[in-house]
Structures are given as structure tokens and as C-alpha cells.
Amino acid sequence: MKIIEKNSTQLSFESAENNLLEFSTSNFGTIDSSKYSLLECLYDKRLNQQPLHSRFEILNSYLDDLKSNQLFTYKRVMTTGCDALVRTQDGKEMIHLASNDYLNMSQHHRVKEAVVKAVKDFGLGSGSVSMLSGTHAIHSQLEKKLAAFKGVDHVMCFSSGYATNIGVLRALLGERDVAICDMYAHASLMDGCVSTNRMIFKHNDLKSLEHCLQKAKNYNNKMVIIDGVYSMEGDIAKLDEIIDLAHSYGAWVLMDDAHGTGVVGDCGRGTMSYFDHQFKVDILTGTFSKAVGAVGGFVGGSKELISYLQIACRSYMFSTSPAIPVAAGVLEAINIMEEEPEIMQKLHENINYFRRKITDLGFVIGETQTAIIPLIIGDDIKVKTMAYQLNQSGILVNAVPYPAVPKKQTRVRISITANLTKSQMDYSLKHLERVGKELNIISTIYPKSVLQDAALV
């Protein structure tokens, strides 16, 4: 199906069912990215009636317009390792405020040495899935170490955090069960619930959760699904209250501690440790791709749960086990967290410094308590423009437009890491203030309280 050009300012796409999709164009002759969101160009239900090549044309036209307007700041190619200062393919050096490697473990000399040794001793891949011949001694060591570190009975490891959440939830919840998800739960958790019923409760809201639990009384199994630390908000789950409430209604609790591991709790043991292990979730998932500095995922829980999942979880059964050097690097990173607490201390010093300074400038950062600092703007164009202008000034940040977050909550997402220097943070703050004022995101006229109230309306 070809594009039908009705006039010079509009593109129309017509499906076999005569379902017309019309888009205004910009001066570049592409879909005007200032008038449409990614939702309308990728997830609109009417696109299901379009042939594949029309869907490709629609999305690529939208992306081309973003690029023409210099608002496309994604998939920047790095030519250096993940560090506080990185170099992109065009030779530009940038301060890295977009990394999830909170403790800089990917660059730690002990991690590198462990990886090199594992490669020399065992090579790269494990050769098979875990349940056949893909489990090596280093995998077993890692699982035992991780179980003790996180305070759970048993652990099994996956090749990615996404595969962990998808596989675990699809293995456990069926047509007569219900997933009760925090509205800001990670996409991998939401995607894991496609085979079951799903309810959404307001973020960290106990009244909203209880309302869902009351409505869910007739389902066979109920599972409350949360993050320990939320990836876009940077706040911590009300774990104590959520567990008490969920268990009072006979519901299980699954928590993804991806952004909690290495950031909160004793030696970075995560959110349960943050609550002094007085409140234990029924199922704990997580990833090695954040503060651990690698890739992979895990699920922890009772012996019976893990034995069941080893057979019932398809993303575990049918995926090759984690590469041996990765397992060795992750194991060493956990050892370092326990043995070098000063790294996490430096992370928290940086978090507290940057959060205080950015708040003093007048930016709205919500309820963040961790290394994730959202600059809540509520305007897609300003979000993308700010990311581009900061990138031009040598500061790497992530734009988070709608529909990744609600329209009034669109933001630039900043990640603080342990290896950032004070001069790097000060340079970044200087340009954040400059761009924030140029785009009328912050102002010296109004008190901070007024700006914060306005952003939350």
C-alpha cells in the first residue's frame, strides 16, 4: 500500500479495510514529530490493519523528522568503556549522566581481571542451556553467593533481566490468576503478564492496592508486582506496608530489585536489606546490568519455587546459560560490594550532592531517593530539546518522552554514578541551569515550591 499524498501538508495511509490514517507533515515533508507521539506512530491500534511496509514508512517518517529537527538523541555509539567520561563515535568527549553502572563495576580492575582469567581458563560461551550441559561450576558458585547476598533461600540465573521477568511471570500466572501491578512497574514485568489478568494500582498507593486486592478475591492466585527502586522515579517501594497488606489478602509479592541492588541496603544488598530484612518478598528478581556492571538476571525464593521454575520457565529452559566470563565478573562484583563499601559510600555522597544542587536550581525531581534523578518537565519537545542541547555541551543524558511516562511527567532522566567527580557534576549543573532557563523549565522568579506544585498538577 503506497502513501497517498492528499496535499503538501498531509500524509495519508490507507489499509485494505479503507481505514485511513492521516498525519500532518513538517517543513521536511515528514510526519510532524511536534504534533504526534511515538504512541500514535507505533502503538495506535489502527496500525494493526496496515501492511508491514506501511507501518515501516509511518514510523521511519516520524523518526526522520526527529532527526531533521535534531531531537533524536538515541543509540549514540561509544568508542570507550562505560565510565564517567566517555567518547562517542564522532570523537566528542561527554560526561556520562545516562549510565546504570552506578558503582562503575564494569571498569573495576578486579572485575576485569576475573573476566580475563575466566576467558583464559574456560573460553567464552557455556555451550548449552542451564538444564542440560550449560551449568558450569562458576554458575553454581554465583547462585550460592547471590542467594546469601540477597537473603533468599535459592537463586537461578538467566541471560538477561528481561528474560527473567518475562519467564517467571508467564510460568507462574495463568488465565484464572491475576497480576496486581504498580503503575510504574518495569516494562518487563508488565510484558510478563500477557497470559494472565492484570490490575493496575496507583504508584506506591496502599489504598489503591487494597482496592485491587478486594476486587481480586475470586481469582485463584493473586500476585502483587512491584519494583524495589523505580527506574523512572528513583523512589523506593513501601515494601513493609505492601507486604503486610498483600499477605493479609492471601496474595504473593514479586519484587524486581534491578535498581536497588548495589544502591540501597547494607553493602548494596538491595531493598529488603534497606528494610533490615524484616519484610521478605515471596519472589525476588533482579538484573546484573545495573550496579553490577554486566548483563544477566536472576530470580530468588524458596527451594520449591526455584525447582518449579527450572522446569516451567521457558526463557530459562530454552536460553543458553550466561557466558562464563560474565558469571565470573558478576561474582567478583558482588565480592567487591561486600569488601569495598567505600564505593557505595562515594555513590551516596554524589547522589546527595547532585540532588541538593539540582533542587536548589528549581528543577522538579519528584520523590527520588536513589541514583535516578528525574527532571520532570511535562513537555515532549522541551524534553528532547534539553537532551540535545546538553549533549551538544558534552553532557550525556536520556530523554524520556510520552508514552514511556505519562504526558505530564515527561522528563530528562539523570543517573548518578560513584565515579563522577565534583568538577564533572558542577559542569553539568551549570549547563543544566543554563538550558533550564533558556527553555523556561526553571525560573528565578518563582519560589521552588510554586514550581513543584505546578509540575504535579
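**View 1. Helix 14 and helix 15 are oblique to each other****.** This is a predicted model, where local features need pLDDT of at least 70, side-chain atom pairs count only at pLDDT 80 or more, and totals for chains, interfaces and linings use all residues. Residues are numbered from 1 along each chain as its sequence is written, and side-chain values use heavy atoms, with hydrogens and water left out. Helix 14 spans residues 380-392 and helix 15 spans residues 422-438; their axes come within 10 Å and cross at roughly 140°. Helices (H or I, at least four residues) and strands (E, at least two) are DSSP runs, numbered from the N terminus. Axes are lines fitted to C-alpha atoms, for helices over the stretch in contact, and angles run from 0 to 180 degrees between N-to-C directions. Angles under 35 degrees count as roughly parallel, over 145 as roughly antiparallel, 65 to 115 as roughly perpendicular and the rest as oblique. The crossing of helix 14 and helix 15 is right-handed. A crossing is right-handed if the near helix is turned clockwise from the far one by less than a right angle, and left-handed if anticlockwise. Helix 14 contributes Met386, Gln389 and Leu390; helix 15 contributes His431, Leu432, Arg434, Val435, Gly436 and Glu438. Contact means heavy atoms within 4.5 Å. The classes are four nonpolar, three polar and two charged. Ala, Val, Leu, Ile, Met, Phe, Trp, Tyr, Cys and Pro count as nonpolar, Asp, Glu, Lys and Arg as charged, and the others, Gly among them, as polar.

**View 2. Leu439 lies in the loop between helix 15 and helix 16 (448-455)****.** Leu439 has a relative accessible area of 15%, so it is buried. Buried means under 20% relative accessible area, exposed over 50%, and partly exposed in between (1.4 Å probe, protein chains only). Leu439 touches Lys382, Thr385, Met386 and Gln389, leaving aside residues up to four places away in sequence. Gly268 is 171 residues from Leu439 in sequence, and 37 Å separates their C-alpha atoms.

**View 3. Helix 4 and helix 12 are roughly parallel to each other****.** Helix 4 (residues 137-150) packs on helix 12 at an angle of about 30°, with the axes 9 Å apart. Their crossing is left-handed. On helix 4, the contact residues are Ile138, His139, Gln141, Leu142, Lys145, Leu146 and Phe149. On helix 12, they are Ile324, Ala327, Ala328, Val330, Leu331, Ile334, Asn335, Met337 and Glu338. Eleven of the contact residues are nonpolar, three polar and two charged.

**View 4. The largest nonpolar core has 92 residues****.** Helix 12 (residues 324-339) gives the most to this core, with nine residues. A nonpolar core is a set of buried Ala, Val, Leu, Ile, Met, Phe, Trp, Tyr and Cys residues joined through side-chain atoms within 4.5 Å. The residues with the most contacts inside the largest core are Ile180, Val224, Ile226, Phe354, Leu375, Met386 and Ile414. Ile180 touches Met199, Phe201, Leu209, Cys212, Leu213, Ala216, Met223, Val224 and Ile225, leaving aside residues up to four places away in sequence. A second, separate core of 22 residues includes Phe158, Leu173, Ala185 and Leu309. In soluble globular proteins, nonpolar side chains tend to be buried together.

**View 5. Helix 7 and helix 8 are roughly parallel to each other****.** Helix 8 covers residues 239-248; the pair packs at an angle of about 20°, with axes 10 Å apart. The crossing of helix 7 and helix 8 is right-handed. Leu206, Leu209, Glu210 and Leu213 of helix 7 meet Glu241, Ile242, Leu245 and Ala246 of helix 8. Six of these residues are nonpolar, none polar and two charged.

**View 6. Asn104 and Asn204 each have a positive phi****.** Phi is near 60° at Asn104 and near 55° at Asn204. Most residues other than glycine have a negative phi, and most peptide bonds are trans. Asn104 sits in the loop between strand 5 (93-96) and helix 3 (109-122). With a relative accessible area of 14%, Asn104 is buried. Asn204 sits in the loop between strand 8 (197-201) and helix 7 (206-215). Asn204 is also buried, at 9%.

**View 7. A cis peptide bond joins Tyr402 and Pro403****.** Omega is about 15°. Pro403 is in the loop between strand 15 and strand 16. Pro406 is in the loop between strand 15 (398-400) and strand 16 (411-415). Pro406 has 31% relative accessibility, so it counts as partly exposed. Pro406 and Gly378 are 28 residues apart in sequence, with their C-alpha atoms 8.3 Å apart.
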